Amino acid sequence: MSLLMKKRFITIGSFVLGFGFLGALDGIVFHQILQWHSVIMDTDRTSQIISDGIFHLATTVTLVVGGILLWLAGNPNDLNKGVRLLVGGFLIGGGTFNLIEGLINHHILVIHRVRPDADNPLMYDLAFLVSGLVLLIIGIIVRNSGKEKTHSLNV
């Protein structure tokens with residue numbers, strides 16, 4: 001595999017893995033442990049559980065796909081800034097999940113809020129978006145930081 005192809009697999013794989021990881025974390029923490037919400041709240045409990053199950057299945061598939069892409073890419077140390085690409089991509093993927101899920105589900109479709117029973121549910125929704133933005137910014141900084149090596153083998 002060419003170094004350019006390895007770089008693409010690491011970039012895409014780490015993004016997909018980060019996206020799936022934050023989705024799984026959302027499902028585990030907010031849906032199961034804290035029981036603040038389900039994917040679809042305005043329905044009966046059985047439908048809430050089914051919507052959460054479909055969400056968990058989708059995040060699991062996303063995690064597997066990200067893992068396979070990273071496995072295909074091989075050792076990130078083989079690339080110039082490969083670990084930074086891996087960590088940065090993971091954080092960018094996670095931040096992107098929070099931003100997309102927050103904007104679409106909390107604000108556009110309004111199928112659930114982060115914590116609908118709170119005195120100020122909008123505060124939780126905005127904090128969720130801010131956490132996504134922070135992850136995204138940190139990911140971009142990590143990915144773009146560090147000095148380039150001038151080896152002819154590095155991409």
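**Overall architecture**

The structure is a predicted model. Its secondary structure consists of four helices and zero strands, and the order along the sequence reads α-α-α-α. Taken along the principal axes, the C-alpha atoms fill a box of roughly 60 × 25 × 25 Å. The chain has 155 residues, of which 37% count as buried. Where contacts link residues at least 6 apart in sequence, 76% of them join residues at least 24 apart.

Helix H1 covers residues 3-33. With 31 residues at 1.5 Å a residue, H1 should span 45 Å, and its end C-alpha atoms are 42 Å apart, which agrees. After H1 comes Gln35, which has a positive phi near 55°.

Helix H4 covers residues 121-144 and contains 24 residues. From its first C-alpha to its last, H4 reaches 35 Å, close to the 34 Å expected at 1.5 Å a residue. After H4 comes Gly146, which has a positive phi near 90°.

Which residues of H4 are buried? They are Pro121, Asp125, Phe128, Leu129, Gly132 and Gly139. The spacing of some positions in such a list can be read against a general rule. An α-helix has 3.6 residues a turn, so residues three or four places apart point the same way. The partners against which the buried residues of H4 pack are H1 and H3.

**Packing between helices**

| Helix pair | Angle between axes | Axis separation | Handedness of crossing |
|---|---|---|---|
| H1 and H2 | about 155° | 7 Å | left-handed |
| H1 and H3 | roughly 40° | within 6 Å | right-handed |
| H3 and H4 | roughly 155° | within 7 Å | left-handed |

The residues of the contact of H1 with H2 divide into 16 nonpolar, 12 polar and three charged.

The second pair joins H1 to helix H3, which covers residues 82-108. Their axes come within 6 Å and cross at roughly 40°. That angle makes H1 oblique to H3. In this contact, 12 residues are nonpolar, 10 are polar and three are charged.

The contact of H3 with H4 has 17 nonpolar, 11 polar and four charged residues.

**Residues in the helices**

Thr11 lies in helix H1. Is Thr11 buried or partly exposed? Thr11 is partly exposed, with a relative accessible area of 32%. Thr11 and Val87 are 76 residues apart in sequence, and their C-alpha atoms are 9.4 Å apart in space.

Ser51 lies in helix H2. Ser51 has a relative accessible area of 9% and is buried, because buried means under 20%. Apart from neighbours within four places in sequence, Ser51 is in contact with Ser38, Val39 and Ile40. Between Ser51 and Met41 the separation is 10 residues in sequence and 9.2 Å in space, C-alpha to C-alpha.

**Residues in the loops**

Two loop residues other than glycine have a positive phi. Lys81 is buried, with a relative accessible area of 18%. Val110 has a phi near 50° and lies in the loop between H3 and H4.

How values were computed. Residues numbered from 1 in each chain as written. Predicted model: local features only at pLDDT ≥ 70, side-chain atom pairs only at ≥ 80, totals over all residues. Heavy atoms only, no water. Axes fitted to C-alpha atoms, helices over the stretch in contact; angles between N-to-C directions. Parallel < 35°, antiparallel > 145°, perpendicular 65-115°, else oblique. Left-handed = near helix turned anticlockwise from the far one by under 90°. Nonpolar A, V, L, I, M, F, W, Y, C, P; charged D, E, K, R; others polar. Expected span 1.5 Å × (residues − 1). Buried < 20%, exposed > 50% of the residue type's maximum accessible area, 1.4 Å probe, protein only. Contact = heavy atoms within 4.5 Å.
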